[in-house]
Protein chains: 4
Amino acid sequence: MSKSRLTYAMVGGGKGSFIGPVHRMAIRMDDLADLVAGCFSRDAAGNAATGAELGVSPERIYQDWRSLIAAESGKIDFLAVCTPNDSHYPIAKAALEAGVNVMCEKPLSISSEEALELERLARRKKLVLGVPFTYSGYPMVKLARDLVRSGELGKICKVLMEYQQGSFRKIDFSKPLDKRNAWKMDPRRSGRSCVVADIGVHGAHLIEYVTGLEIRQIAADLSSFAPGNRLDDDASILMKLSKGAKAVMVTSKIATGEENGLRLRVYGDKASLVWQVEEGNYLHVKYAFGPERTYKRNAPYIAGLSEVSKRCSRIPAGHHEGFIEAFANHYREFCAALRGGRNCDFPQAREGRRTIQFVDAALKSASEGSSWVKLA
Amino acid sequence: MSKSRLTYAMVGGGKGSFIGPVHRMAIRMDDLADLVAGCFSRDAAGNAATGAELGVSPERIYQDWRSLIAAESGKIDFLAVCTPNDSHYPIAKAALEAGVNVMCEKPLSISSEEALELERLARRKKLVLGVPFTYSGYPMVKLARDLVRSGELGKICKVLMEYQQGSFRKIDFSKPLDKRNAWKMDPRRSGRSCVVADIGVHGAHLIEYVTGLEIRQIAADLSSFAPGNRLDDDASILMKLSKGAKAVMVTSKIATGEENGLRLRVYGDKASLVWQVEEGNYLHVKYAFGPERTYKRNAPYIAGLSEVSKRCSRIPAGHHEGFIEAFANHYREFCAALRGGRNCDFPQAREGRRTIQFVDAALKSASEGSSWVKLA
Amino acid sequence: MSKSRLTYAMVGGGKGSFIGPVHRMAIRMDDLADLVAGCFSRDAAGNAATGAELGVSPERIYQDWRSLIAAESGKIDFLAVCTPNDSHYPIAKAALEAGVNVMCEKPLSISSEEALELERLARRKKLVLGVPFTYSGYPMVKLARDLVRSGELGKICKVLMEYQQGSFRKIDFSKPLDKRNAWKMDPRRSGRSCVVADIGVHGAHLIEYVTGLEIRQIAADLSSFAPGNRLDDDASILMKLSKGAKAVMVTSKIATGEENGLRLRVYGDKASLVWQVEEGNYLHVKYAFGPERTYKRNAPYIAGLSEVSKRCSRIPAGHHEGFIEAFANHYREFCAALRGGRNCDFPQAREGRRTIQFVDAALKSASEGSSWVKLA
Amino acid sequence: MSKSRLTYAMVGGGKGSFIGPVHRMAIRMDDLADLVAGCFSRDAAGNAATGAELGVSPERIYQDWRSLIAAESGKIDFLAVCTPNDSHYPIAKAALEAGVNVMCEKPLSISSEEALELERLARRKKLVLGVPFTYSGYPMVKLARDLVRSGELGKICKVLMEYQQGSFRKIDFSKPLDKRNAWKMDPRRSGRSCVVADIGVHGAHLIEYVTGLEIRQIAADLSSFAPGNRLDDDASILMKLSKGAKAVMVTSKIATGEENGLRLRVYGDKASLVWQVEEGNYLHVKYAFGPERTYKRNAPYIAGLSEVSKRCSRIPAGHHEGFIEAFANHYREFCAALRGGRNCDFPQAREGRRTIQFVDAALKSASEGSSWVKLA
């Protein structure tokens with residue numbers, strides 16, 4: 001890295017946040033940038049406390065994000081947006097308009113129109129707008145993408161995507177919901193979708209990232225199983241991809257006992273692959289006429305197959321890297337882009353927008369009895 | 001077993017057959033019945049050779065199944081039907097009409113009407129008509145069913161069924177197809193469906209067997225990916241089950257590198273379970289608030305949870321039983337029923353008919369753009 | 001098989017026996033031979049009942065094995081010996097002397113001298129004396145052996161063998177022991193060793209079978225952890241093999257919660273392999289410079305790597321075969337040998353004798369403070 | 001953490017180092033301390049370059065560690081020692097004598113005497129001397145320890161420890177060795193042992209950490225398989241632990257295809273456990289009379305079983321933490337101790353010394369034909 005260090009501000013990520021600390025640890029692990037300003041919580045005391053804990057100067061802790069952007073524009077290299085869904089769009093928009101690069105949590109916005117607007121805005125302002133879909137940051141996912149690209153799997157025919165969580169089964173519904181679950185079930189904070197917007201977007205992104213195909217049409221069946229939940233917490237989605245491929249996604253918040261059950265399978269006419277996050281340091285490739293192969297993160301032969309997979313590893317095979325490291329890979333590539341790097345490999349506005357179009361199509365299909373709906 | 005041994009005849013199961021030998025090994029392993037007559041092949045020489053190899057007296061080897069039924073009715077305890085799909089119905093019908101109990105390979109027939117007719121015929125004649133859906137013969141599937149019944153999983157919300165094979169990827173399409181694949185792709189022998197009728201029926205049966213719920217409506221997307229194939233070789237199916245539950249099935253013959261990838265997951269509001277045939281001696285149960293549990297076939301605690309799971313095991317935990325043993329379990333229960341046993345646990349005409357209704361609904365839905373179709 | 005069927009008699013295998021029924025199911029599954037005579041139990045009523053249940057004519061059910069051998073010699077093709085350890089030697093000896101081929105349960109005898117005597121006796125009488133060490137009957141173990149032979153692993157340096165059972169932890173020691181455990185802990189029935197003689201012999205056999213190397217010297221630490229047990233129920237054994245290789249075996253009856261935890265790892269200078277019985281349909285091969293490979297039983301590519309592995313499979317990959325099938329493979333090869341076949345692949349007197357020498361060396365080493373002891 | 005930040009210096013960890021960057025990432029991830037001084041390499045240019053890259057002021061980059069300690073004593077909170085084995089002792093000794101807390105890579109020293117001296121020195125000076133044996137930093141290892149402590153496993157009888165690497169199989173011995181491998185095979189840099197001192201010490205530490213028992217006597221068989229290697233690169237070690245328990249360790253650098261195959265199994269008379277680093281977010285517990293249980297890192301029920309396991313997790317179950325996070329846990333506890341915390345859970349001088357005594361005993365036993373040798 002260069003001698004002149006990068007600096008950033010954060011909106012959200014106060015006490016009780018899951019993803020805010022992940023951004024900070026990911027950035028810190030590789031020492032990519034210093035946190036110099038923030039608006040961590042709408043609660044003034046909590047905001048101050050988090051800032052102090054993180055070593056942010058009191059004068060750069062702001063009571064609202066508008067003040068932060070106004071005051072910090074020109075002083076920081078980027079803004080990390082870690083708030084609930086409903087404020088992603090206005091914050092990202094304001095930051096971009098003020099000339100600030102943004103790393104914005106998914107979903108990028110509540111509607112496709114907003115996402116498209118942000119994508120265009122970033123392009124026009126020549127700013128970087130990243131959306132850290134963690135899973136494409138895993139080295140073995142990058143290897144998967146590169147194996148598909150190289151033709152190792154042949155023509156892709158079918159994709160299976162599953163992302164099963166049981167988080168809504170850990171809630172005691174006889175008590176008030178905790179903060180994190182409360183906003184996810186609240187249409188005002190979460191938007192019109194819960195499970196599809198929260199984790200289905202990861203699945204949609206991964207399908208397009210790994211296969212290089214586009215999701216063209218989907219037919220969705222959405223359900224609400226958790227007590228009192230008005231948004232979707234379980235989804236089953238059929239897909240037609242470009243080049244005649246098909247796909248299926250299942251995703252859930254009510255899959256009791258599942259922690260973070262993300263698994264991707266891609267079937268080509270020459271070979272197939274399977275990657276699952278809970279064994280994320282491995283990638284399996286299966287053949288009709290030969291033994292199954294298990295590739296291992298950062299093993300000696302990886303570099304020859306995927307330069308970016310190698311580049312996104314820190315420690316030797318067998319010593320596992322996990323979620324935070326994958327997240328950090330996105331930040332490494334994002335920071336490289338900030339410094340003018342080319343071919344940096346991380347999800348940006350386009351990927352953010354594609355996944356919102358996916359959410360919109362899922363909602364439309366579900367409202368029409370699982371009819372086939374084209375992505376805008 | 002009783003002193004007086006049972007006897008049976010077989011139609012089909014000649015040279016090159018996969019399932020015929022499985023029936024014979026399954027029956028033999030537990031010494032349930034003696035094979036005394038057969039019509040193993042339409043090829044006279046092959047028919048005679050198979051009969052001789054199996055120790056069947058030449059005078060009880062028949063050139064066609066009609067002669068066999070005519071001659072053997074009253075002399076055998078049951079007929080095993082192991083022919084391609086198109087002849088299941090006429091053979092089973094003729095045997096039942098002649099008063100012969102039948103174990104008939106799946107799919108029970110080509111159409112729902114035929115299946116319903118066979119079901120009624122068996123009931124009217126007070127005969128046993130078994131359909132050996134292998135997977136419900138696995139002791140751990142029986143345990144799964146009994147755990148669901150006992151309420152361990154709570155209310156069932158979602159079911160995921162996958163049955164992925166890559167058999168059509170092992171074919172060299174530049175050469176004439178071998179016998180086994182040829183008939184599976186031939187609408188005249190296989191019926192109107194390939195993958196759904198061949199293995200999707202296993203999935204449909206397992207869902208209903210384990211959950212005790214009924215498949216009510218389905219929306220199917222069927223594809224034909226194998227070169228020259230006119231029937232479905234890949235299917236993605238959404239389902240609405242009774243009591244508000246949902247399900248998804250994916251099944252394929254073109255899943256390169258998959259051997260027999262059957263996996264069932266059942267999510268209740270208290271716990272969930274997963275069983276996969278390639279680790280068939282284990283059953284996993286997951287909880288929101290406690291560690292995952294792995295049950296092992298015939299472990300000391302099984303009997304207290306599922307008497308039938310215990311009954312369907314031969315050897316201690318850790319010494320694995322597989323496909324043939326599961327098949328044999330169905331024959332054990334079938335033979336017990338022939339001897340007048342009650343509460344015998346094996347799939348019968350009803351299960352055979354339900355799965356054909358599933359196939360019919362899948363074909364109808366696919367022809368209507370994946371519309372929701374009720375099972376007849 | 002030939003038209004003229006084989007026949008056999010069994011000693012042992014009465015009510016409560018684990019291994020007797022396995023012999024019978026294994027033989028029956030492939031319809032290799034008919035059980036025509038037996039002495040199943042020293043308890044007259046039980047003996048008669050078992051015989052009746054198995055369809056043996058009352059006049060061919062004997063009160064003692066000596067009478068059986070005297071009466072059946074010349075009438076049967078072989079004798080299956082399924083009694084506790086102490087009577088293996090006298091029964092096998094008497095049968096061989098009477099000209100009867102024998103399949104004798106392990107351990108072949110209580111002492112190396114007895115084993116050597118049986119080996120010489122069989123050779124002199126030109127009779128077949130098989131010892132069904134189940135695990136070398138698994139198709140993937142045969143593939144492992146053939147991969148080593150082909151040089152795929154390079155020069156073998158290190159072997160890890162583990163065989164962990166928890167059976168003695170399932171015993172309620174406050175009550176009288178059941179029959180099966182009682183004799184295993186009784187030096188008069190079991191011999192001077194428990195765990196090494198009962199399951200350690202499987203491990204010793206597998207090491208020599210798969211690597212083609214000989215166990216030359218061992219240093220053993222034996223323990224007795226089960227309450228009241230005077231024989232070894234846990235063993236840790238260092239080994240020096242031929243050609244400079246080393247090995248370690250751990251085996252136990254007190255490994256709480258283990259069912260049948262047998263795992264073999266072989267490290268060569270080019271590649272290594274791992275096979276474990278609880279995932280017995282797979283074989284893993286690992287390389288320094290390429291992805292791990294997982295071979296699957298009876299997959300299309302197996303025949304080209306190991307003809308015998310292919311020959312010892314019945315059903316397609318993905319449809320699992322288990323313990324009984326592996327056992328049956330030994331009987332298939334044994335019966336082929338009875339019919340004059342050559343290069344039949346099953347463990348015989350030599351393998352039986354080698355493993356007894358291993359037991360003797362382990363006992364000697366343990367009595368000398370884990371000193372290195374040569375195999376006789 | 002407190003407002004006043006900690007600072008540290010590093011010796012070693014220059015270009016090509018594996019463990020130096022791990023220390024830095026681990027410290028940085030949780031933002032525990034700032035690197036302010038260093039002596040990263042004996043090569044002056046490399047030293048300067050690494051320092052610059054890490055943002056260390058040029059005046060605090062030192063040409064030798066003695067100068068660093070002399071100049072920085074009193075200015076830094078601790079020194080991280082990441083050099084090859086031979087310099088651990090002199091550096092740690094000098095730092096402690098100068099009043100500097102130390103985190104010193106394993107092995108703590110080349111001989112037991114040196115280790116004992118360091119332990120006493122740290123105690124006398126009331127300084128903290130940590131030795132970051134990574135694996136006891138894994139949350140599931142801490143849970144394992146706490147389950148054993150709670151009596152869940154009953155009386156511990158047997159422990160199996162394996163740590164298999166294939167790193168010496170990735171070397172092209174026809175070329176000069178790279179730096180990292182060269183010193184590991186060089187008795188002047190590595191000490192008298194290679195594999196036991198390098199990774200066997202992790203195993204010895206884990207056994208004592210998890211079981212709470214002491215290794216009393218060992219009998220070792222050491223081998224050198226890699227071409228030209230004069231030190232041990234493969235070891236098989238029998239152990240007698242306190243309270244009558246037994247153990248076996250196998251560890252290797254020549255286990256072709258293994259990456260970092262560390263697995264610990266502990267057998268008690270009530271239950272057993274298995275933990276392996278390549279599935280490090282899980283812990284399996286097996287019972288004689290109930291299903292196996294799989295505990296998952298940071299699942300809701302963990303806190304109730306092990307407060308420290310919970311404390312050492314950052315992100316939810318299912319989002320995996322790996323090697324760097326485990327390392328960071330040791331630094332968190334180490335830094336807490338620097339701030340006066342009590343009951344901090346990380347390996348210290350005592351653990352460092354115990355493992356060197358283990359190495360010494362292994363070397364002595366091997367030189368005496370695998371005789372039993374007591375740990376000093």
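In the predicted model, chain A is divided into domain 1 (6-134) and domain 2 (136-321 + 347-367), with bounds taken from an automatic or database domain assignment. The C-alpha centres of domain 1 and domain 2 of chain A lie 25 Å apart. Their contact takes 23 residues from domain 1 of chain A and 25 residues from domain 2 of chain A, two residues being in contact if their C-beta atoms, placed from the backbone, lie within 7 Å. On the side of domain 1 of chain A that touches domain 2 of chain A, α5 (112-125) and β5 (129-130) each supply at least two residues; the largest share, 6 residues, comes from α5(A). Helices (H or I, at least four residues) and strands (E, at least two) are DSSP runs, numbered from the N terminus.

Chain A can be laid on chain D with an RMSD of 0.0 Å by a turn of 180° and a shift of 0.1 Å along the axis, superposition being by least squares on the C-alpha atoms of residues with pLDDT of at least 70 in both. The two copies are therefore related as by a two-fold rotation axis. M29(A) is the residue of chain A that comes closest to this axis, at 2.1 Å (C-alpha). Of the contact residues of chain A, 100% recur in chain D, the same surface serving both copies.

A362(C) is in contact with V196(C), G200(C), I218(C), A220(C), L222(C), A235(C) and I237(C), neighbours within four places in sequence being left aside.

Residues are numbered from 1 along each chain as its sequence is written, and chains are lettered from A in the order in which they are written. As the model is predicted, local features need pLDDT of at least 70 and side-chain atom pairs count only at pLDDT 80 or more, whereas totals for chains, interfaces and linings use all residues.
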